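Please read them with the coordinates open.

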Amino acid sequence: MKLSSLCKGIRFPKPKYPNVPTEVVPIPSPSKVILPMLQHAGLPCIPCVEKGTQVKIGDVVGRPQDETGASVHASVSGEVTDIAQVYTSSGQKSPAVIISSDGKDTWADYIKTDAEYLEKAPSVLIDRIKDAAIMSSGSESAPVITDLTLSQKPRGYHFATGLPIFKPLDTLVINCVDTEPYYGSAHRLMNDFFDDLEAGIKTVKIVTEATRFIMAVDVQHSVSNQVRDLTGQLEVAVRSVDGTRFPSGVHRVLLKELLDLEIPMPYGEPRDYGVSVLKVDSIIDIGRAAKHLKPQVEKVVSVFGKGVHDQKLVRVRMGTPLKNVLDACGGLAGRPGKVVFGGPMMGMAQFDLNVPISKDTEAIYVQTMEEVVRSTNHPCINCGLCVKVCPVRLVPSQLSKYCENDQFQDAAALNLMNCIECGCCHYVCPAKRPMVHQFRYGKSQVMVRRMG
Amino acid sequence: MIDKKLDNRLVVSFSPHIESHNSISAMMLIFIVALLPSVLMGVYYFGYNVLMILGLSVASSMAAEAFVNKISHRPSTLGDFSAILNGLLLGLLMPPTMPWWAMVVGSSLSIIVGKSVFGGYGNYPLNPALIGWMIIRLAWPDLMNGFIEPAPLFSGGDMSQALPPLMAVKGDPSEIGSYDMWRLMVGNVPGQIGTISALSAIIGGLILLYRGVIRWHIPVGVLLGSFAFAWIFNTINPDTYFPGSFHLMTGTLLLGAFFLAPEPVSSPVTPGGMLVYGLLIGVLTVIIRIWGSDTDGVIQAILIMNIGTPLFDRIRPRSWGVNTGA
């Protein structure tokens, strides 16, 4: 038996609050949307509209400066009122195009349904996906098109010619497992937007050279017969994953469970191993882009937690201020504590309710003040629970002591950079040590030193 | 509607935003509850004065902890129950005739010398209860041998001097026939308060394992190491060396395997490290028992291996993508 296989994340208790209602509710179109130009890693987009420009839904308002970015589209029709600096959900400042809605929600002229999309050449479909500016959700936000086409990084170089060798894409995983156990949105999307899902999978099969398709579903949710028939017909293997065991929905951990692939951070990418993972909402967006030429202007967001009146699965426009989304869910309940973009384990707490919903927002978790937890600086008691739960098999207790004492090189030697910041170690720690915080600090310091 | 409520500002902090119900005090409470079967067996065989010894031990531990907190101007750490557990463990390792003054001195010194000088719970290198045991053992060796014949409650038996099984068989190997498994299981033998009954230690250990306070590696390592090592010599020469099962059932071995060796602070954390640590404790115990001057040897073995804990922790699990050769 491999000793190392004993570390397997944490099994979540049933949530204390009722589950998120399982139907997707569109919320009213906001009177104002804020579209940050920085919704991806790298350089921000350049706004290509001016104050006073009239735009329709789907019009491009910002163009990327390089390949790592994707354009930004207007998500309401109306007038550009301002181009200003705003805070994004990741806490960065970014220029943003602010559009006030005329309430008509007219779509741009180029948007039309193309019934023969399956007969189109792959390059046409690739262009459509590229133009739709679909970003993969989750922490590693990048345009999905990079997941479908060739890897940017060569696996090696040919010994005689010196030409780079790229690992071809052979497996494509469709991730229908919630990133965090309480979201409850992924399996809903799969059933509610079945037509778009079908179009998405068919498009992806045309566009990529991948030969193996796997759909990872959560074992606690049943897959509808419709989806089962579709996967059977399209030769997509359906594999069940235990979604209650966090972090099985995180891409890297999912690949470990499905394919026994261990992809080290931060320089390893699934693409280097010929694998790519797409979330189910990206597939749905791809379907819409290929069939209806629609850009990604909407997002299904799960709003949950004790701090919000009605827990809902809402369909929101990009750039809707957080405040509007919370209002549509009945507002905050009790004494507000934390409003988190993402889930309780890996989410990012917000300080301002004017922050817009962006392409990487999957969920909003609201806590009351009573629920807010506090960490301590108690010394590590060496209980070893963190070692037991670490999904990437680190020794968090030791790393935490190193980072606490500024011994970053020692921490890096114990593979600190491999940490996926899932938060399992902090969650189980009896001494409540702020381990994820220490690791982030340590990682940033290691990166600073590596760059000189 | 929301703006009005925002007079109370939002909290911003790093993830994760929730945490489990694990806490140090809960862990200590589980340890204490798991020790109760051993306490009950001690009271049953050695009478109510056992409660006096245990009570004194716990009270002096707590008093010493409070005293150190006071003079070092630290917030009180009595609330994490680690002092109670320390006192209880130390008391259970004492023979039933321990005089009160030795108990008070040993228990308070175990906290002060074994725990507080290093910075309190979480920082000490050696198990403080075992430090206290060692202090009493070195200062007053005779008191440590004050073993008496067990007399079950209400049976009216007298409490005459007697030798615990390991001492008896070390003097005369033929004595081994008088200890059958069931007698060792329930603990109807002379010995230290908490270590006579194998059954109660096993029940306690199962509670700890079930609640996830300890993991199986260390207990399995200790039991396997001692049993296998004893078995090798028993196979070579059954007349001189006792069978592994006898070693397992006697002395502090089971209490050590479930409560003393896996004590969180002084034991390793990695799966491989824990297993090696446990195996070495088991082997060292049997070595001390066979060739050493001491008859039990568990506590010495654990203290020695505690020193090696940082070394055992170097046996790390292989992290993702490291040294795969690919």
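**Notes on the predicted model**

1. Burial in chain B. In this predicted model, 50% of the 326 residues of chain B count as buried. Contacts in chain B with a separation of 6 or more come to 73% from residues 24 or more positions apart.

2. Make-up and dimensions of chain B. The chain has 15 helices and 0 strands. The C-alpha trace of chain B spans about 85 × 60 × 35 Å along its principal axes. The radius of gyration of chain B is 22 Å, which agrees with the value near 20 Å that a compact globule of 326 residues would have.

3. Contact between the chains. Chain A puts 61 residues into the contact and chain B puts in 40 residues. On the side of chain B that touches chain A, the elements giving two or more residues are helix H1 (2-5), H2 and helix H13 (271-291) of chain B. By residue class, that side of chain B divides into 19 nonpolar, 15 polar and 6 charged residues.

4. The largest nonpolar core. This core holds 213 residues, and those touching the most other members are A:Ala216, A:Val325, A:Ile364 and B:Phe31. Helix H2 (residues 24-46) of chain B gives the most to this core, with 12 residues. H2 of chain B is also among the elements giving two or more residues to the side that touches chain A. As background, nonpolar side chains tend to be buried together in soluble globular proteins.

5. Surroundings of A:Ile364. Which residues does A:Ile364 contact, leaving aside its neighbours within four places in sequence? They are A:Val301, A:Val303, A:Val325, A:Val339, A:Val340 and A:Phe341. One of these contacts, A:Val325, is itself listed with A:Ile364 among the residues touching the most other core members.

6. A sheet in chain A. Three strands of chain A form an open sheet in the order E4-E6-E7, with antiparallel pairing. Strand E4 (46-47) and strand E7 (72-73) are the edge strands, and each pairs on one side only. The pairing of E4 with strand E6 (residues 60-63) of chain A is antiparallel and runs over 2 bridges. A:Pro47 has A:Gly62 in E6 as its bridge partner.

7. Cis peptide bonds. In chain A, the bond from A:Phe246 to A:Pro247 is cis, with omega near 0 degrees. A:Pro247 sits in the loop that joins strand E15 (245-246) and helix H6 (251-259) of chain A. In chain B, the bond from B:Ser15 to B:Pro16 is cis, with omega near -5 degrees. The loop between H1 and H2 of chain B holds B:Pro16.

8. Positive phi at A:Glu235. This residue is not a glycine, yet its phi is positive, at about 55 degrees. A:Glu235 is placed in the loop between helix H5 (225-233) and strand E14 (237-241) of chain A. Is A:Glu235 buried or exposed? A:Glu235 is exposed, because 10 other C-beta atoms lie within 10 Å and the cut-off for exposed is 12 or fewer.

9. Positive phi at A:Lys432. Phi is also positive, about 55 degrees, at A:Lys432, which is not a glycine. The loop between helix H12 (424-428) and helix H13 (435-450) of chain A contains A:Lys432. With 19 C-beta neighbours inside 10 Å, A:Lys432 counts as partly exposed, since a residue is buried at 20 or more.

Terms used
Residues are numbered from 1 along each chain as its sequence is written. Chains are lettered from A and ligands numbered from 1 in the order in which they are written. This is a predicted model: local features need pLDDT of at least 70, side-chain atom pairs count only at pLDDT 80 or more; totals for chains, interfaces and linings use all residues. Two strands pair if DSSP finds at least two bridges between them. Helices (H or I, at least four residues) and strands (E, at least two) are DSSP runs, numbered from the N terminus. A nonpolar core is a set of buried Ala, Val, Leu, Ile, Met, Phe, Trp, Tyr and Cys residues joined through C-beta atoms within 7 Å. Two residues are in contact if their C-beta atoms, placed from the backbone, lie within 7 Å. Ala, Val, Leu, Ile, Met, Phe, Trp, Tyr, Cys and Pro count as nonpolar, Asp, Glu, Lys and Arg as charged, and the others, Gly among them, as polar. The radius of gyration is taken over C-alpha atoms; the globule rule is 2.2 Å times the number of residues to the power 0.38.
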